[in-house]
Structures are given as C-alpha cells and as structure tokens.
Amino acid sequence: MPTEPLVDALAQSAFVVMGALTRIAAENDLSLTQLRVLGILRDRTLRMSELADFLGLEKSTLSGLVDRAVRRGLLERRKSPVDSRAVDVSMTAAGLQLAEVLQADLQRALAPLTDQLGADERRSLAGLLGRILR
C-alpha cells in the first residue's frame, strides 16, 4: 500500500514537533506529560477527572503528576464551587509564566520550519490543522 503524502507529511511533522517538545520539557525539568498539562491548563481550569480524560490517564496517575506540579508551585487544586465532591486544577502565576516561556521556546524551535511560510500561508495552515483537529 503506497504512503499517502498527507499522512506521511503529518507523521514527519509530528516527529519534529514531538522532538522539540521533548527537548524543551527536559530543559525545564518537566516530563512530556507535565508539559502537556501546562499547555492544557494555560487558558482554563478543569476538574481532575476532566484533565485525566483529556490526557487519557488514570486519575491515580494524574494525581501524582499534579502533586509534583503543585509542589513546584505551578498548579493549584481547589474544591469545585459547582460540585463539592470535585477538585478543580488550575495554573498559578508561576505556572502561567513558565507556560509563556515554554511557548516562546517552542516557537523559536519551530521557526526554521514556520519561517519558510508567508503570513497568509501560516494562517491557512493553522486554519486547516485546526479544522482537522476539531
């Protein structure tokens, strides 16, 4: 079966992006999953159960990840104001600051690729990727 060029391009781009994310996470003493948690929570608060579902992790596994981030001052847990049985997780100011640094690092790491495109091409590619990822 011949390789579909789009699938091949998506896979190759995923490898490049994952390599950059893995390096950036390691440089900031984070696991790739911790980096994902920061990326997910930078613009929202989620219940622990929602975050576990989002990441495809067991709640017990996520609990350890969140504990470590709380100890580092990056995340905080609070009782949900809507459901007293639930726990919400959100970023602290330090977590948001680190997320900004990580985003800037990723932008710099991917600049050799993205800078090959004009502004209209970047907007178009972002729109197309957004559409297929919905």
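1. Asp105 belongs to helix α5 of this predicted model. The residue has a relative accessible area of 17%. Asp105 is therefore classed as buried, since the cut-off for that class is under 20% relative accessible area. When neighbours within four places in sequence are set aside, the contacts of Asp105 are with Ile24 and Asn28.

2. Asn28, one of these two partners of Asp105, is located in the loop that connects α1 and α2. Is Asn28 buried or exposed? With a relative accessible area of 18%, Asn28 is buried. Apart from neighbours within four places in sequence, Asn28 touches Arg72, Leu98, Leu102 and Asp105.

3. A further point concerns the distance from Asp105 to Leu125. These residues are separated by 20 residues in sequence, and their C-alpha atoms are 20 Å apart in space.

4. The student may next consider the overall architecture. The chain contains six helices and three strands. In sequence order, these elements give the pattern α-α-β-α-α-β-β-α-α. Along the principal axes, the C-alpha atoms occupy a box of roughly 50 × 30 × 25 Å.

5. In soluble globular proteins, nonpolar side chains tend to be buried together. In this chain, the largest nonpolar core comprises 28 residues, and those with the most contacts inside it are Leu30, Leu38, Leu41, Leu51, Leu62 and Leu75. At least two residues of this core come from each of α1 (5-27), α2 (32-41), α3 (48-55), α4 (59-71), β3 (87-91) and α5 (93-114).

6. Which residues does Leu41 contact, leaving aside its neighbours within four places in sequence? They are Leu46, Leu51, Leu75, Val89 and Met91.

7. Of its 134 residues, 29% are buried. Among contacts between residues at least 6 apart in sequence, 47% join residues at least 24 apart.

Technical notes
Residues numbered from 1 in each chain as written. Predicted model: local features only at pLDDT ≥ 70, side-chain atom pairs only at ≥ 80, totals over all residues. Heavy atoms only, no water. Helix = DSSP H or I, 4+ residues; strand = E, 2+ residues; numbered from the N terminus. Buried < 20%, exposed > 50% of the residue type's maximum accessible area, 1.4 Å probe, protein only. Contact = heavy atoms within 4.5 Å. Core = buried A, V, L, I, M, F, W, Y, C linked by side-chain atoms within 4.5 Å.
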